[in-house]
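Please keep the sequence and the structure in view while reading.

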Amino acid sequence: FRAGRNLKVIDCNEIEIGDNVVIGDNVGIYTSSHARDPKLRAGHWCSEQPVRIGSGVVIDGNCVVLPGAVIEDDVWIRPGSVVRGRIEAGSVCAGTPAGKVEE
């Protein structure tokens, strides 16, 4: 894969990146998140989930990929999007959270 400047990867769990992936500038890929419960959060408790990015994916600049995200093959994530959950193969997505858009 190719990545622009300032790629941030927090890999407390597995991150899988397919072939021919392009990642823009200032993208963050995170596998961990803080606890929802304030008492657990105060104790620095985190949970970790893997991230999967398929082949032929483009993630434009300033995007965030959250823990547990699955980006299937041939997806285009538009600039500034926040990706969570599963993004269907061949989709063009944008927004917070990222959702399918018509191009």
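## The model

The model is predicted: local features need pLDDT of at least 70, side-chain atom pairs count only at pLDDT 80 or more, and totals for chains, interfaces and linings use all residues. Residues are numbered from 1 along each chain as its sequence is written, and side-chain values use heavy atoms, with hydrogens and water left out.

Four strands, in the order 3-8-11-14, make up an open sheet with parallel pairing. Strand 3 (15-17) and strand 14 (86-87) are the edges; each has a single partner strand, so one side of each lacks a neighbour in the sheet. Strands are DSSP runs (E, at least two residues), numbered from the N terminus, and two of them pair if DSSP finds at least two bridges between them.

Three bridges join strand 3 and strand 8 (residues 51-53) in the parallel sense. Ile15 has Val51 in strand 8 as its bridge partner.

## Gly18

Gly18 lies in the loop between strand 3 and strand 4 (22-23). Gly18 has 19% relative accessibility and counts as buried (under 20% relative accessible area, 1.4 Å probe, protein chains only). Leaving aside neighbours within four places in sequence, Gly18 contacts Ile53, Gly54 and Ser55 (contact means heavy atoms within 4.5 Å).

## Ser81

Ser81 sits in the loop between strand 12 (76-77) and strand 13 (82-83). Ser81 is buried, at a relative accessible area of 0%. Beyond its neighbours within four places in sequence, Ser81 is in contact with residues including Asn62, Cys63 and Ala98.

Note on methods:
Buried < 20%, exposed > 50% of the residue type's maximum accessible area, 1.4 Å probe, protein only.
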